Every structure is written in structure tokens, then in C-alpha cells.
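Here are a few exercises to work through with the viewer open. Try each task yourself, then read the solution below it.

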Amino acid sequence: MAAPLASKAGSAGPGSKPPFPELDFRSGARVEELNKLIQEFTKHDQREYDDQRALEIHTAKDFIFSMLGMVQKLDQKLPVANEYLLLSGGVREGVVDIDLDELNVYARGTDYDMDFTLLVPALKLHDRNQPVTLDMRHSALCHSWLSLRLFDEGTISKWKDCCTIVDHINGATNYFFSPTKVADWFYDSISIVLSEIQKKPQRGMPKVEKVEKNGTIISIILGVGSSRMLYDIVPVVSFKGWPAVAQSWLMENHFWDGKITEEEVISGFYLVPACSYKGKKDNEWRLSFARSEVQLKKCISSSLMQAYQACKAIIIKLLSRPKAISPYHLRSMMLWACDRLPASYLSQEDYAAHFLLGLIDDLQHCLVNKMCPNYFIPQCNMLEHLSEETVMLHARKLSSVRSDPAEHLRTAIEHVKAANRLTLELQRRGSTTSIPSPQSDGGDTNQPDDRLAKKLQQLVTENPGKSISVFINPDDVTRPHFRIDDKFF
């Protein structure tokens, strides 16, 4: 990886040559320079929000939740009191394990300024205290079909039209919850609700700039004042507890042992609408441990997270064609590295460059060996379906990064600075026509609710990169329902 400082091996005596700077053996790059470039990238990549921007975030969030409350009232399919998981970063940022090849390309700065992913349970199984056993007879590892036999007759009746039907020889009928049909229903319902909302626009209401169905995800871009916010809304099935197929993972030693409790890690999981490479799209769901990953993220050092974000920015651009590697693969590799390496090493504040180089090495190793185990279900190889030509193409591209990491970091910095310039330009153009918050009485639009603004700004600035769980009652969308970790706001 990197050549150690000569002074670490022994102290330099009088008249001896000065120690060499610490160098990366492969590229010859100075580790100190790489650290500075990662810090510069982090500075431009992390956004600070003023009171107005915090209010715009709150306005968009309220609009999305109100819209989902209206979707529930259309045909009563969604649970009345639902628990959403709101994640910072869109699906394209790898916050959930969903294939990116069906998604339209959106670019920060050009299409949006901030992005979020919202997991919306269509069904919930929350009253089980034993390991959850899923029907994996027809699926690849890490995937499952979902029979509505687990639910009551009322639920089956409501969701029959979003199922594939299998008739057995004995005359029984089995309804399998279909991710594609659920996504179609969800998109149609959201479109109906948005159409109704736009017929009676209210003062301060966000402008719906784009609504698109990307595979099984509904992407909405809202304009609020001078901000554009992307919401990737994902219909999911929510479970309390832990899947039996991942039970053995709990028996191993992990980096989070002693830092957070097992109860926090295994509080729940999801099925997301994504199938395996050879799976049946109409029936197959993918297991997602997004709720657990929110907890694990608290145990990862800031320097490793900075390296991960910088590496992610590089590979998103470099490995976009053909789409084979997603940021979620990189996230999995980072979690494996946390298990593999001593915590005392990973907590070093000035080791971001070492971590970046290590993540690139890890990713290249996974490509060359066509092996990337799922962190929670290690027997599932997430690269198994790729062709030899594809993995070698991407491995060669990564070799160019490894040969000159400083240059690729500078390119990533220029990209994020360009995106920020586009955002600032939009803000300047929209500053004179800024949309007031719905909480405003329509009076002086230049005097926002300072108390609410300070509260929201505090939430955003004190929890950088954290994911927020939200409890929402569609019959009461007037109250804030933020939950960051275990605190409600």
C-alpha cells in the first residue's frame, strides 16, 4: 500500500539525510497530498444548510408524507400507521442494494441538489419473536418469494390484484406478492394523488418537477424555493426480527461488538423489489438490511467514511458502463474491512489515504476473483453473474486509478465543485421568488419561522450522513415525526 516514513524505523542522527515523505508504493503519490485531496473533496461534498434551506427540506418532507397519506386513503392498501425509513442519499448512491441498470441517470447539480431514499412498507410483519423463515425454494440466495398465506384474509383481498397466482394440484390457490405489480400500483396511485394535488395548488406547495418510474422505484424531484430534492421511493415489505437465512452471521465476531447491542442490529429487515440475475422479476424480492446498516454506520470512523465517499465518487463515474459495480458493493467491502482490520488502525484520523487505496485494492481484488460476498449473507456472491469480460474491463479501469489516485481525486473534486456551482447559480436565480414554507401565514415571506428553522438546521448539521427513521400517521401530517437513532423530534 504505502511506504512508511523513514523516521518511524529509527531516529535520524546529526548529519543524516532527512526522512523521505510517506509514499504510495504503487503510484509514487505522496500520502500527505492524498490526505489533503480527500479532505478537500469532503469539504465540497458535505453541504451546510442555512435556515431557509432547512425549511425547504422540511417542506419537501412534509409534502412527500402528505402525498403518501393520500395514497393510503385511495384504496386503504397501505398500513394506516406506517413506519418509513428515510435514508440520506438516493438509490444511485448505493444506500440500498437495488440494481442500477433500470434507473435513469440523474446528476447532482444538473437535476437535483439533495437526494433521499424513502422505504415505504406496503406490508408489515411486525409481531414475530422468532427468526423469520421465508420461501426461498424458487429463488437465488439473498432473495425470496412472499406468499400472502402469512397474512389474514382482509390483506389477501386488498392485494390480490398485485399478486401472481399459483394453483396447486390439490385445488388450493397461492397468491405471491409481486414486486413489479406493487411498483406499478404504487406509481399509478402516486400519479393520481399528485394530479389531484396539482388541481388545487396551495401557497408554498413544492413544485413537482419530475415523476418517473425507474424499474420498481418511483423517483420524484421537487422544487422548493431554490432547492431541488430527489426522493427515490421504494415499496418494501417490512419485518421485525431477523431472517433465518442470516442467523449464522450473528454467531461470528464483528467490528460493532460492544459498541452497539445485537438488539439494535437485528431490529428488522426488508424485502425490496429487486430480483436476482436469473430470477423471475414478477415474484422475486431481495433481502435488505438497510435498518441494520444505519446502526453499523455509527461504528465506522470518520476517516474511513471520508475515504469511502471519495472512492464512491470515483467509481460512480469510472465504472458506469457497463453497469456492473454499484456503490453498494463498495459499502459491503468497507464493512468486511471493518471486520478484518483492527479498530485501532481504522480509527486513525490521518489514514484516509491508506483507506482509499485499500478500498480500491479490495474492489479490484473482488473483480479479478469475481467474488463479493454479501456482508449479512456471506454465501451470497453479489458478482457471480458477471461475465469474465466485464469484470476484467472494470479491473483494468481500476488499475488506472491505482496508478494515479491523486489525479482521479482531483477529477472527483472538480465534479463536485461543478455541481455545487450549478446549485448556487439556481439559488441566485431563485432567490427573489423563494417559495415560503407551508407554515407561513402568507405575510412577510422573508421572515421564516425561526424556531422551526433552527430546530431543523440543528437536526441536519448535527447528524451529517445519518439516516432518519420516520413514524407517520397519514391522518395527522401536521406533527414532526423525525427519529434519528432513538430520539424523536
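Before you start, a word on helix axes: each axis is a line fitted to C-alpha atoms over the stretch in contact, and angles between N-to-C directions run from 0 to 180 degrees. Keep in mind that you're looking at a predicted model.

**Exercise 1. Get your bearings**

Task: Find how many helices and strands the chain has, and what share of its residues count as buried.

Solution: 
- Start with the elements: there are 14 helices and 15 strands in the chain.
- Next, burial: the chain has 489 residues, and 51% of them count as buried.

**Exercise 2. Helix 2 against helix 8**

Task: Work out how helix 2 and helix 8 are oriented to each other.

Solution: 
- Locate helix 2 at residues 31-45; it packs with helix 8 at an angle of about 80°, and the axes are 10 Å apart.
- Angles of 65 to 115 degrees count as roughly perpendicular, so helix 2 and helix 8 are roughly perpendicular to each other.
- Now the residues: from helix 2 come Ile38, Phe41, Thr42 and Asp45, which meet Gln306, Ala307, Gln309, Ala310 and Ala313 of helix 8.
- Sort the residues of this contact and you get five nonpolar, three polar and one charged.

**Exercise 3. Helix 11 and two neighbours**

Task: Describe how helix 11 meets helix 8, then how helix 11 meets helix 9.

Solution: 
- Take helix 8 (residues 302-318) and helix 11 (residues 352-368): their axes cross at roughly 50° and come within 8 Å.
- That angle makes helix 8 oblique to helix 11.
- The crossing of these two, helix 8 and helix 11, is right-handed.
- On the helix 8 side you'll find Ser303, Leu304, Ala307, Tyr308, Ala310, Cys311 and Ile315, meeting Ala352, Phe355, Leu356, Leu359, Ile360 and Leu363 in helix 11.
- Twelve residues of this contact are nonpolar, one is polar and none is charged.
- Move on to helix 9 (residues 327-340), which packs with helix 11 at about 110°, the axes being 10 Å apart.
- Helix 9 and helix 11 are therefore roughly perpendicular, and this crossing is right-handed.
- Leu330, Met333, Met334, Ala337 and Arg340 of helix 9 meet Leu359, Asp362, Leu363 and Cys366 of helix 11.

**Exercise 4. Helix 7**

Task: Explain why helix 7 is largely enclosed by the rest of the structure.

Solution: 
- Buried means under 20% relative accessible area.
- Go along the helix: Ala290, Arg291, Ser292, Glu293, Val294, Gln295 and Leu296 are buried.
- Helix 7 spans residues 290-297, and seven of its eight residues are buried, so helix 7 is largely enclosed by the rest of the structure.

**Exercise 5. One lysine**

Task: Is Lys158 buried or partly exposed, and which residues does Lys158 touch?

Solution: 
- Find Lys158 in helix 4, which covers residues 153-159.
- With 35% relative accessibility, Lys158 counts as partly exposed.
- Leaving out residues up to four places away in sequence, Lys158 touches Gln76 and Lys77.
- Check Asp75 as well: Asp75 and Lys158 are 83 residues apart in sequence, and their C-alpha atoms are 8.3 Å apart in space.

Note on methods: Residues are numbered from 1 along each chain as its sequence is written. This is a predicted model: local features need pLDDT of at least 70, side-chain atom pairs count only at pLDDT 80 or more; totals for chains, interfaces and linings use all residues. Side-chain values use heavy atoms; hydrogens and water are left out. Helices (H or I, at least four residues) and strands (E, at least two) are DSSP runs, numbered from the N terminus. Buried means under 20% relative accessible area, exposed over 50%, partly exposed in between (1.4 Å probe, protein chains only). Angles under 35 degrees count as roughly parallel, over 145 as roughly antiparallel, 65 to 115 as roughly perpendicular and the rest as oblique. A crossing is left-handed if the near helix is turned anticlockwise from the far one by less than a right angle, and right-handed if clockwise. Contact means heavy atoms within 4.5 Å. Ala, Val, Leu, Ile, Met, Phe, Trp, Tyr, Cys and Pro count as nonpolar, Asp, Glu, Lys and Arg as charged, and the others, Gly among them, as polar.
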